[in-house]
Amino acid sequence: MRIVERLALLLGAARAVRARPEQPAGEDADPRRRALPRDRAAELAVAVLLVAGGLLAAAFGVLVVAHPQTQLLGGVLAAGLACLGAALALASKRVVVQEVDVEERHPPPAEEDERLTAQLRAGTEGISRRRVLLGAAGVAGCGLAAAIALPATGLGPALGHAPNGTPWRRGKRLVDARTNEPISADALEIGSFQSAMPEGATTEELGAPVVVVRVDPQRLQLPADRRDWAPEGFLAYSQICTHAACAVTLFRYPVYEDTSKGPALVCPCHYSTFDVLRAADPIFGPAVRPLAQLPLALADDRTLVANGPLSGPVGPSYWGVEH
Amino acid sequence: VRRLLRRAGVLLAVCCGGMALWSAAAGGQDQPAQPPAAGDPALAQRGRDLYAQSCAGCHGEDLRGRKGQGPALRGVGAAAVDFYLSTGRMPLADPTDEPIRADPAFSRRDIKALVAYVAGFGGPAIPAANPDRGDVARGKEAFTESCAGCHQVLGRGGIVTGAFVPSLADATPRQLAEAIRVGPYLMPKFGERQIDQEELDDIAAYVRAARDPDDRGGWGIGNIGPVPEGMIAWLLAGIVLLGVVRLLGERAR
């Protein structure tokens with residue numbers, strides 16, 4: 001409510017400013033008869049606003065890279081855009097000629113056409129510091145370009161090489177994604193899950209993360225050639241959703257399936273749902289391909305190890321377009 | 001008309017017979033099973049009576065469950081019973097409903113009695129979490145890793161396909177610990193070796209801290225994420241922009 005009150009106050013103040021007579025007293029308020037302005041102070045103000053806006057926008061670009069703090073970023077970009085907006089508004093009101101003309105239905109006679117052309121040419125004649133303004137506009141443009149381009153550095157590693165090769169090989173140990181410690185088969189009960197990485201991999205390797213779940217081995221319905229991929233009910237699937245590459249982080253495991261739903265991995269972005277008992281078959285949502293499965297084995301010390309590479313390509317289909 | 005009447009009579013007879021059979025079958029197992037181990041006998045007896053009234057219909061007189069109605073309760077232990085009853089999630093009006101948080105249907109004493117009765121059939125004890133002993137920063141890390149996927153980073157809840165994910169705003173530390181160990185409804189469970197007691201305390205500390213977060217922007221907007229924040233920003237900015245447009249424009253003459 002306080003915000004609404006403040007807004008109302010702001011609008012009231014703006015109205016009061018606008019209510020100040022712009023024309024000298026006595027002159028007709030019809031804009032068609034308004035005198036050509038030659039307002040050097042306004043030109044200077046426009047130039048200053050343009051430069052300030054450009055610098056603030058550039059500062060946003062730099063901050064994105066150097067010190068990305070949300071409130072600061074938002075404030076700087078908002079101030080920059082407000083400066084640019086104010087510059088354009090001021091320029092249209094005080095620097096560029098105002099001309100209101102009614103276009104006739106029929107094409108005007110030739111002499112009228114010439115008159116209009118001349119009038120349009122004269123439109124910018126009121127501007128005295130053309131170079132200053134052009135320079136300022138240049139600064140503003142560069143600043144904006146920086147503000148748009150620099151955040152692209154936050155897009156993460158370039159695609160092309162990463163998704164294709166995954167570090168998963170036979171014998172590669174699975175480690176806890178947070179603590180980097182090997183995952184013991186005894187640590188996970190039936191109905192629990194765990195994000196895992198191959199030992200020694202970094203999160204930059206998009207094909208690396210998998211999610212390990214443990215289900216009741218009696219209930220598994222894996223295809224015949226994957227029967228031995230899930231020792232003691234341990235299953236591992238690529239964590240990258242095959243729809244839009246979000247991390248699949250939701251796992252549902254029913255207490256009592258008769259009155260609820262079966263065990264599944266769910267992507268938080270668009271709720272693609274993968275049936276973990278049937279090799280991550282997509283059963284709901286926009287994903288159409290199953291998550292790649294990692295065959296598992298138990299080492300002698302009962303830690304989880306990969307028993308081969310992933311069953312297929314990782315991530316959405318468009319990652320593989322180049323190949 | 002006579003034929004119709006006869007048909008109605010036959011139907012009535014069949015219904016009566018069915019009812020009689022059903023009540024005979026129900027009468028045969030009137031008393032729920034006696035727990036093999038019981039602490040306070042009076043409490044367990046009270047629990048047994050309450051169980052017969054309110055739970056046996058779906059979970060069975062012998063606590064072995066009824067197909068398509070409710071799961072077996074032998075061995076689920078005190079943790080699960082205390083969680084479902086103290087959060088008002090049980091009893092359910094319809095066994096296919098999702099259990100959601102409500103005012104408990106039983107008094108504290110009755111819940112204790114039911115917990116004692118079902119716990120007499122074995123199963124884990126009620127776990128505890130102490131937020132005063134936990135560390136908020138470590139708790140956030142653990143929460144992000146294991147809980148935030150469904151419950152959202154500030155514990156405001158959300159959805160998973162097939163269920164609503166509850167908000168943690170009203171969960172007590174004990175209920176939090178119970179849910180983590182038990183994995184109610186569609187939630188996965190987390191054992192001692194996955195989330196140890198120390199981490200459980202950390203998570204409890206974080207959940208408590210996340211209830212009243214330090215809203216750096218000044219206005220939390222329910223802390224349910226960027227969508228409402230964006231909507232409000234667009235709405236307010238839209239009003240301001242309309243005002244500015246009106247100020248800049250000139251009335252047509």
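**The cavity and its surroundings**

Modeller: Over the whole structure, the search finds 1 cavity of 30 Å³ or more. A cavity here is a set of points, on a 1 Å grid over the protein atoms alone, where a 1.4 Å probe fits but cannot get out, and its lining residues have an atom within 4 Å of a point. The model is predicted, so local features need pLDDT of at least 70 and side-chain atom pairs count only at pLDDT 80 or more, whereas totals for chains, interfaces and linings use all residues; side-chain values use heavy atoms, with hydrogens and water left out. Residues are numbered from 1 along each chain as its sequence is written, and chains are lettered from A and ligands numbered from 1 in the order in which they are written.

The largest cavity holds about 50 Å³ of space, a volume being the space filled by probe spheres set on grid points that are joined across faces, edges and corners. Its lining consists of B:Phe143, B:Val153, B:Leu154, B:Gly155, B:Arg156, B:Leu168, B:Ala169, B:Tyr206, B:Val207, B:Ala210 and B:Arg211. By class, 8 of these residues are nonpolar, 1 is polar and 2 are charged; Ala, Val, Leu, Ile, Met, Phe, Trp, Tyr, Cys and Pro count as nonpolar, Asp, Glu, Lys and Arg as charged, and the others, Gly among them, as polar. Helix α9 (residues 197–211) of chain B gives the most to this lining, with 4 residues. Helices (H or I, at least four residues) and strands (E, at least two) are DSSP runs, numbered from the N terminus.

The structure has 19 of them over all chains. In one, B:Glu199 pairs with A:Arg178, with the closest N and O atoms 2.6 Å apart. This pair joins two chains, because B:Glu199 lies in helix α9 of chain B and A:Arg178 in the loop between β1 (174–176) and β2 (193–198) of chain A. B:Glu199 is buried at a relative accessible area of 17%, whereas A:Arg178 is partly exposed at 28%. Buried means under 20% relative accessible area, exposed over 50% and partly exposed in between (1.4 Å probe, protein chains only).

Within chain B, B:Arg138 forms a salt bridge with B:Asp202, the closest N and O atoms being 3.0 Å apart. B:Arg138 belongs to helix α6 (residues 136–146) of chain B and B:Asp202 to helix α9 of chain B, so the pair ties together parts that are 64 residues apart in sequence. B:Arg138 is partly exposed, with a relative accessible area of 41%, while B:Asp202 is buried at 3%. In chain A, salt bridges that share partners join A:Asp186, A:Arg214, A:Glu232 and A:Arg302 into one network.

Chain A, which supplies A:Arg178 to the pair with B:Glu199, has 5 helices and 11 strands. Buried residues make up 39% of its 323 residues. Among its contacts (heavy atoms within 4.5 Å) between residues at least 6 apart in sequence, 59% join residues at least 24 apart.

Technical notes:
On a 1 Å grid over the protein atoms alone, a cavity is a set of points where a 1.4 Å probe fits but cannot get out, and a pocket is an open set with protein on both sides within 12 Å along at least five of seven lines; lining residues have an atom within 4 Å of a point. A salt bridge is a side-chain nitrogen of Lys or Arg within 4 Å of a carboxyl oxygen of Asp or Glu.
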